[in-house]
Amino acid sequence: MALLLRSLVQRSAAVSSGSQCCLLYRHAVAMGTNAKEQMQKFTDKNSRLARPLSPHITIYSWSVPMMMSITHRGTGVGLSAGVAVFAVSALVLPGDFASYLNLIQSLSLGPALICTAKFGLAFPVAFHSFNGIRHLMWDLGKGFRMPEVYRSGYAVIALSVLSAIALAAL
């Protein structure tokens, strides 16, 4: 396959004009190289030109907006995965929802563990919802000054915790 692709590239380059031919071969990687060799060339070039390494996460000071962004993405992925797992299990597992609810009630886990589990399920939903409203406000162009960003972040955290506690108490 690689030989066929190489011959097609060579034929098209031979037919095309000179400027296009240079563009075609300038960015092409030789067939005999591998990723390790290319990374070594890249590292050598950066060292030769005295370019700094990209900043690592350890040099950044953690802030509320950074943590809110990471948590928003994490809760979005977690909620999507949870819905997918629940949907697939509803299709595959025998029995209905009531039988599994009766199974959990028969385990006699105690109110503390049940409330903790309910809080663990309610908090990502509440946080992602409130932070989504915050993002919608940003889409309207409101709340971009740093004091407002921090204030809305703390408000989202407080509302998320309070609403998750309220949902877990039901």
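This is a predicted model: local features need pLDDT of at least 70, side-chain atom pairs count only at pLDDT 80 or more; totals for chains, interfaces and linings use all residues.
User: Which residue caps the N-terminal end of helix 3, and what follows the helix?

Analyst: Asparagine 34 is the cap. One of its side-chain oxygens lies 3.2 Å from the backbone nitrogen of lysine 36. After the helix comes alanine 50, with a positive phi near 55°.

User: How do I describe the packing of helix 6 and helix 7?

Analyst: Two packed helices are described by the angle between their axes and the distance between the axes. Here, helix 6 (residues 111-139) and helix 7 (residues 146-169) have axes that come within 7 Å and cross at roughly 145°. Their crossing is right-handed.

User: Which residues meet there, and of what class are they?

Analyst: Helix 6 brings residues including Phe119, Phe123, Phe127 and Trp138. On the helix 7 side, Val149, Val156, Leu159 and Ile165 are among them. By class, the contact has 16 nonpolar, 5 polar and 2 charged residues.

User: Where does UniProt list a "transmembrane region"?

Analyst: The unreviewed UniProt entry lists residues 76-95, 107-128 and 149-169. In the model, residues 76-95 are 85% helix and 0% strand, with end C-alpha atoms 29 Å apart. Residues 107-128 are 82% helix and 0% strand, and their end C-alpha atoms are 31 Å apart.

Technical notes: Residues are numbered from 1 along each chain as its sequence is written. Side-chain values use heavy atoms; hydrogens and water are left out. Axes are lines fitted to C-alpha atoms, for helices over the stretch in contact, and angles run from 0 to 180 degrees between N-to-C directions. Helices (H or I, at least four residues) and strands (E, at least two) are DSSP runs, numbered from the N terminus. A crossing is left-handed if the near helix is turned anticlockwise from the far one by less than a right angle, and right-handed if clockwise. Contact means heavy atoms within 4.5 Å. Ala, Val, Leu, Ile, Met, Phe, Trp, Tyr, Cys and Pro count as nonpolar, Asp, Glu, Lys and Arg as charged, and the others, Gly among them, as polar. UniProt positions are given in the numbering used here, feature names are shortened, and annotations may be inferred rather than shown by experiment. A polar contact is a pair of N or O atoms within 3.5 Å; within protein, one must be able to donate a hydrogen and the other to accept it, and residues adjacent in sequence count only if both atoms are side-chain atoms.
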